[in-house]
Amino acid sequence: NLISVYTMRKFNFMLMMLASVFTMGSCSSNNDDPVSTNPFDNITESSNKERDKIVIISDLHLGNDLAYSENVKHLKRLEEFLVEVRSSGTIKELVIGGDMFDEWYIPTRSETYPGGSQADFIKKSVKANQGVFDLLNGIIKDGKIKLTYVPGNHDMGFTPENVNLALPGVNQARDPKDKFGIGTYRPDDYPQIAIEHGHRYDFFNAIAPNANEAEAPGATLPPGYFFARIAANSFTDPTTKDAATKVPEVKLQDPSNPEQYSKNVYYSLWKHVLEEVIFVKDNFSEPIIKTNVGNFTKTYSINDIMPTNNPSDGSIQMKLYNNLFTQANWDARTKYNNVPFPTNINKAIAGSLNTEFLDDQSDVQYLKNTTYNTSIVVFGHTHIPMIKTFTNVLGQDCIYANSGTWEDQKTRDKNAAIDQDNLKMDFVIISPVNSDRKKLRVSLFNYHGGKHVPVDSKSVDL
């Protein structure tokens, strides 16, 4: 009997324990969920109970060859970040806002497609960054988080078909088919949000049709392409500022001539960059820039890109892009790039370096544009993460965010001690404030040391 009583008591205890487990499960479904360990699912001012967050990253610069790629030190952290995205229960969309691939950052003497095609380049880029692409494709296959790709300038030449080789089924946000190197994305259920790379306003990096018909018929790659090639060379074959090749002097003979003035602004930027930012030891007359990409087929010298004084009349001329420097041409070019409001050519040239001009285009082209009902704009491109507040024509607060970059901190000294784990790796989250879809919070974070480090955040009423 004692054994029977003991057995019955033990059986009743087990039933009570099972009942408590089921009760806990029932409570958990009644908004008492245990706290998630995923940092995306524990954000202040969010409900953290449904898929309502939009995460934006850009400027990953996933290179074709890790010997010179702009993103090597940050790859493992990017993989960790994507694991968190994929396992989150509250992320609705992941948007890659341009420069995911990198067809531009190739050292000058290197072939872009050595004996192959753009499709081969894409496949090699995937292999070089296999862990990242495995996770991105996993997100697509899971079907829980929408993955969207927006083209940037460094990957403007990739066809939709070739991007699909790397990310089958990815949503590609592009402008009309004949201009697939630009695009604006408005997330599901939020037409008030506009996400693009931001290069279409940049004189150096906006698509440039009919710019070099004599040299490369049909080519649309802008001057920034050649800048990137020279910049890559500066870091793979480094020299010092003192030892660098000096930029030849160019003089503005006629300041009253608008075209000549604009060419001088362009020259001043090249001179500053080559003497203060990227240093090369090459002879400027030596043909070193191998192209064979985007309808370019020749090997060019730095002098082919740089302005010079014409020996006969002293005017500023150049071999490539010589006809781009009128306001009328810039107006036509911005129209081709689907820019609503034309800008001043000289501000656009200088703005390639003084990037506040580009950030402010979020306000000029979207927030002050009464054709759109836009309250939030997100760009990448400049690599400078930030959040700014603007006021639209109705006096309402609007938000601009720049999603920064995941590229490594560059260095010419391969032995330099650089804390790459606490530099760059930026991302933006847009989410409703406590499930109120009419009030959104825009937050900027760093992924430093594998942690979500808050930088800034602002809210806006839709």
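Where in the chain is the place of His383? The place of His383 is in the loop between strand S11 (376-379) and strand S12 (386-391); helices (H or I, at least four residues) and strands (E, at least two) are DSSP runs, numbered from the N terminus. Before I go on, two notes on the source. This is a predicted model, in which local features need pLDDT of at least 70 and side-chain atom pairs count only at pLDDT 80 or more, while totals for chains, interfaces and linings use all residues. Residues are numbered from 1 along each chain as its sequence is written, and side-chain values use heavy atoms, with hydrogens and water left out.

His383 is not a glycine, yet its phi is positive, at about 70°. Most residues other than glycine have a negative phi. His383 is partly exposed, with a relative accessible area of 22%. For that term, buried means under 20% relative accessible area, exposed over 50%, and partly exposed in between, with a 1.4 Å probe and protein chains only.

Met425 also has a positive phi without being a glycine, in this case near 60°. Its place is in the loop between strand S13 (397-402) and strand S14 (426-433). Is Met425 buried or exposed? At 0% relative accessibility, Met425 counts as buried.

Now the pockets. Rolling a probe the size of a water molecule over the atoms shows where empty space is left. Here the search runs on a 1 Å grid over the protein atoms alone, and a pocket is an open set of points where a 1.4 Å probe fits, with protein on both sides within 12 Å along at least five of seven lines; lining residues have an atom within 4 Å of a point. Grid points are joined across faces, edges and corners, and a volume is the space filled by probe spheres set on the points.

The largest pocket has a volume of about 950 Å³. Its lining has 33 residues, and His383 is back here: together with Phe227, Ser352, His381 and Thr382, His383 lies nearest the centre. Which helix gives the most to this lining? That is H6, with five residues. Helix H6 (223-236) and helix H7 (258-276) each supply at least two residues. By type, the lining of the largest pocket divides into 15 nonpolar, 12 polar and six charged residues. In that count Ala, Val, Leu, Ile, Met, Phe, Trp, Tyr, Cys and Pro are nonpolar, Asp, Glu, Lys and Arg are charged, and the others, Gly among them, are polar.

The second largest pocket holds about 400 Å³ of space. It is lined by 18 residues, with Ser69, Asp408, Gln409, Thr411 and Lys414 closest to its centre. Its lining divides into eight nonpolar, five polar and five charged residues.

At 18% relative accessibility, Asn264 counts as buried. Leaving aside neighbours within four places in sequence, Asn264 is in contact (heavy atoms within 4.5 Å) with Val250, Leu252 and Ile316.

Next, the sheets. Two strands pair if DSSP finds at least two bridges between them. Strand S6 (residues 193-196) and S11 pair in the parallel sense over three bridges, and the bridge partner of Ile193 in S11 is Ile376. S12 and S13 run antiparallel, joined by six bridges, and Ile387 stands opposite Ala401 in S13. S12 and S13 form a hairpin with five residues between them, and Gly395 in the turn has a positive phi of about 80°.

Another open sheet has seven strands, in the order S4-S3-S2-S1-S14-S15-S16, also with mixed pairing. S14 and strand S15 (residues 436-448) pair in the antiparallel sense over eight bridges. Within that pair, Ile430 has Val442 in S15 as its bridge partner.

Last, the cores. A nonpolar core is a set of buried Ala, Val, Leu, Ile, Met, Phe, Trp, Tyr and Cys residues joined through side-chain atoms within 4.5 Å. The largest one has 104 residues, and Phe81, Leu94, Leu136 and Phe203 have the most contacts inside it. Apart from it lies another core, of 20 residues, including Ile376 and Leu440.
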